[in-house]
Amino acid sequence: MGTFVASPVVALPLCVSGVDLPLTGLLFLALVYAARRRPVAAGLALAAACSLKWTAWPAVAVAVALLAHRGGAGAAVRAAAVAVGGTVAVVLPSAVLAPGPLVAQVFAFPTGRGPWETPAASPLPGRLLADLGPGGWYAAVALLATGGLAVAVSLLVRPPSGLVPAADRLAAGLCAAFLLAPAGRFGYLALPVALAVLARLAADRGTAGPTHGTGVPAPPRPRTVPSPACRTP
């Protein structure tokens with residue numbers, strides 16, 4: 001795992017992207033807690049991630065779907081409540097005192113309508129469409145919304161059953177968002193790649209044996225002790 005994180009392909013984009021490194025860790029931690037049926041811990045990790053960057057918001061839907069599948073509706077509701085409540089508690093003071101910068105950073109910048117552009121803009125599909133003019137910008141936004149809707153429907157129709165499927169679903173949603181957003185760069189793709197690979201590394205290592213494809217170690221099998229009558233003298 002250390003070799004993967006330290007590789008230039010992952011380390012360089014994460015280190016020069018400000019909050020992306022802690023954001024990746026928090027998102028991965030939230031999925032792990034959700035897979036282990038710990039809704040409050042998952043909600044706290046999600047709240048911390050969502051307070052850092054808008055990129056983390058899709059993870060709330062994925063973690064809630066995972067918890068609903070593995071722990072029931074009650075666990076999913078608790079995680080969602082903690083995530084939303086924690087995010088609001090952290091973000092609300094700055095939103096009240098300075099709403100302008102919040103709107104510019106969270107809503108205007110990802111859609112390419114902010115007062116400034118990223119110096120690392122990349123020729124991704126959404127960016128190329130937006131550069132064609134107003135019609136292209138609306139097409140990029142429509143495709144972005146369609147991609148988000150498709151991921152949301154997939155969570156309802158077939159919720160993830162474990163850590164690896166949840167990480168894959170979140171990675172797919174983030175890839176679609178980064179590729180189709182009017183403002184984006186190649187470095188953003190390091191986040192979904194890191195989530196997908198880290199989930200598999202964690203599932204392969206485990207802590208107590210096989211994971212049955214869920215990314216969560218299965219409980220140890222009970223040890224069978226032969227009865228005295230079966231023992232060989």
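The exercises below work through selected local features of a predicted model.

Local features need pLDDT of at least 70 and side-chain atom pairs count only at pLDDT 80 or more, while totals for chains, interfaces and linings use all residues. Residues are numbered from 1 along each chain as its sequence is written, and side-chain values use heavy atoms, with hydrogens and water left out.

**Exercise 1. Helix α6**

Compare the reach of α6 with its expected span, then locate its kink.

Solution. Helices are DSSP runs of H or I with at least four residues, numbered from the N terminus. Helix α6 covers residues 73-97, which is 25 residues. The expected span is 1.5 Å times one less than the number of residues, and for α6 this gives 36 Å. From first C-alpha to last, α6 reaches 36 Å, close to that expectation. Next, take the bend at a residue as the angle between axes fitted to the seven residues ending there and the seven starting there. A kink of about 40° lies at V91, shortly before the proline P93. Finally, apply the burial classes: buried is under 20% relative accessible area, exposed is over 50%, and partly exposed is in between (1.4 Å probe, protein chains only). The buried residues of α6 include A75, A79, A83 and T87.

**Exercise 2. The aromatic pair**

Classify the one aromatic pair in the structure.

Solution. Rings of Phe, Tyr and Trp (its six-membered ring) pair if their centres lie within 6.5 Å; planes under 30 degrees apart are stacked, over 60 edge-to-face, and the rest tilted. The ring centres of W137 and Y138 are 4.9 Å apart and the planes stand at 80°, so this pair is edge-to-face. W137 is buried at 14% relative accessibility, whereas Y138 is exposed at 54%.

**Exercise 3. Cysteines**

How many disulfides does the structure hold?

Solution. A disulfide is a pair of cysteine sulfur atoms within 2.5 Å. The structure holds zero. C50 is buried at 7% relative accessible area, and C175 is partly exposed at 26%.

Terms used: Helices (H or I, at least four residues) and strands (E, at least two) are DSSP runs, numbered from the N terminus.
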